[in-house]
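Please keep the sequence and the model in view while reading.

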Amino acid sequence: MTPETPKETKTDACCQTGDVAVVDAPPPTTRRHFLFQIGIALNVVAGALITVPILGYVMSAFVKKFDLEWTNLGPISNFPEGEIRIANYENPYRRPWDGETARIPCWVRHVPGGTFQVFAINCTHLGCPVRWFAESKLFMCPCHGGAFYENGDHAAGPPPRPLYTYEYRVNGSNLEIKAGILPNIGNPGNPTEKVKGEA
Amino acid sequence: MIANAKKKITDAALGAFGWLDDRFHVTEIFEHTAGHHIPKSTSSWFYVFGSATLLCLIIQLITGTLLAMVYVPSADQAYTTLTYLNYDIPLGWMLRAIHYWGSNFMVAIMLIHMTQVYLFGAYKYPREITWMSGVLLLLITLGLAFTGQVMRFDEDAYWGIGIGASITGRSPIIGGEAVQMLLGGPIINSETLSRFFALHVFVLPGAILAIIVLHLRMVLLKGINEWPTPGVLVNRETYDKHYATIIRKEGIPFTPHGIGKDLIAGAVVIGGILLCAIIFGPKGPLGPPDPTMIDAHPRPDWAFMWIFAVAALMPDWAETLAFLVIPPIAIAFLFALPFYNNTGEKHWSRRPFAVLTVLFLYLSLGLLTVWGFTSPWSPDMIAWRAAETPAPFVKAKTPLELQGLVVLQQKQCRNCHAIDGIGGKRGPDLADVGSRLTAPQLARQVIQGGGNMPAYGKNLTPYEVDALVAYMVSLHPPGTTPALDSAKPAVYPEENSKKNAKPEAAHGEAG
Ligand code: FES
């Protein structure tokens, strides 16, 4: 079906033009064969050399450890004892072109007695933003109906664990948390937290 | 005279064509591509979906390129450029709409194409690679649909990435690292958007073009699948000869004799996309991608709605399985299909299992999608202040019962429990709860929770519980009796076992 192009069958013309080498394969020890092998070898080396920086660039997000940083949530007086309030903080890893995505919300619970609990906004199921309902004292998730008690424990629905918490400290009159990551099951982001009730 | 001139012109034109043909080999290329011979039986309305999918892709490439001339993939500007496209630049809304509807049509038509190919046995010998490249094209197209939904950088996109990250985070051992890889860092920000942009406009379109070249090459090399006949089996030894005979006996050139229906279908598709674009317009953007606006209510686009539903319906232990184990296995099965089912019957009437598989998949995915859109499992976050109580549920109640209704409303019970259909659908409707549960059962359920209900014990005063229970006991439709005492037999044994399901739920930390 395919009409053969004449060039490929004209073996006798090869030696004048020099570009078509369909004659008998040259003996493996010729200079051409040697150049071919050198060419392959050089390209293997060059390929490896260029792959290193490319892979390094691409994989840097995978291997890099991002340390959490102390981030200000504002004066403690914003968080009355016994109540749960929302607070926004500036992501410590922000870029100048992050716009509004640089401001992250979280829930602050001022436990009666002077301690705090700071919860991530993200539902532990699939990360949707949980909302606090002060009357029923529940965090409810708009996605699949997950609910949490005021201390973060699982109350209902699919979430597999209590709300993620941030490590906090009181610095002078300010409340600070260690922030910087999107908490997820693979990296809950608070090494000090003791997870009970992990299902 | 005129005839002479005509002849001269024709000769000149033929001569010019001959010259060009000699340089470009147009005739030869045509014979091997658009003009290749196909079985006459395949010039059918059932065979137009492949070319229609390709047409959608071309529309996507053109509109996508035009959108990219304005769109800025940066977290602080993307949203602004989307609204600029919608409202300021002439016909920008139209291009966004065509791109959005083009993607919907592409996914839908591709699914039809794949179903047709499956039911017609076209994946069998010798078209294994055609099928496998098609599976890759499906995956890339879904990838484009997902990353495209992120390009519409609004609140849904923001929380949608969060959902993607949460699923990724469940990978064993490397979960945290995989999330960083997905987001381009530890958190959702500009780098996340840029990385999805690179995928959406460079990586995935590049891949799809490369694989389409392979796909079409295979269609040309191995031919288009002949219309299957019941009882004609595919046999590796004889099939090639059989196909060659079909082409020799009843082959027609694809262009111009076989392409007519494809052209008409193509025009219909373009018309459909335009019509949808004009009637429904572009999708979104919804609210800005501002994480601090937490009254978001994230929903994926329809192609991923079934995943959203699966996420809500799965028991906890099955979720990692459902998200990270089953999909790769399913894809592997799909991919390898021509190897474990390579020969034999092609016609659907002789392949009941194939037909049932298709029915099962469409029914279950369809049902999950419908559920996803209605999402009865999501609480109605504003029901506690916005849901009304129909008159029959207020009339002739005692003061204590009315107090109970106020508690019910104020304690946000309506977010999950409707009264006569008004309110959240997460929990059972309370319209007839008094005929299902007795006062002690209701009190226990409220205080201790159970099933999927949180415990309200520390949250209600004894007086509030009394009022609430009194109100609910009064809720039994006219003509039904109140529920019997639980001490007597024949009352809802599952309510008792439910209450024991999660005893720890009742022990919230002392506040
Ligand atoms: S994301 Fe919160 S319940 Fe699914």
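Is Cys416(B) buried or exposed? In this predicted model, Cys416(B) has a relative accessible area of 19% and is buried, because the limit for that class is under 20%. Cys413(B) is likewise buried, with a relative accessible area of 13%.

What is the distance from the sulfur of Cys413(B) to the closest cysteine sulfur? That closest sulfur belongs to Cys416(B) and lies 8.8 Å away, too far for a bond. The reasoning rests on a cut-off, since a disulfide requires two cysteine sulfur atoms within 2.5 Å.

Attention may now turn to chain A. Over all chains, the count comes to one disulfide, and this bond joins Cys128(A) to Cys143(A), with an S to S distance of 1.9 Å. Where do these two cysteines lie in chain A? Cys128(A) is placed in the loop between β4 (115-120) and β5 (131-133), while Cys143(A) is in the loop between β6 (138-140) and β7 (147-149). The pair therefore ties together parts of chain A that are 15 residues apart in sequence.

The link of Cys128(A) and Cys143(A) is left-handed, with -75° about the S-S bond. Both partners can also be described by their accessibility. Cys128(A) counts as buried at 1% relative accessibility, and Cys143(A) counts as buried at 0%.

Notes:
Residues numbered from 1 in each chain as written. Chains lettered and ligands numbered in written order. Predicted model: local features only at pLDDT ≥ 70, side-chain atom pairs only at ≥ 80, totals over all residues. Heavy atoms only, no water. Helix = DSSP H or I, 4+ residues; strand = E, 2+ residues; numbered from the N terminus. Buried < 20%, exposed > 50% of the residue type's maximum accessible area, 1.4 Å probe, protein only.
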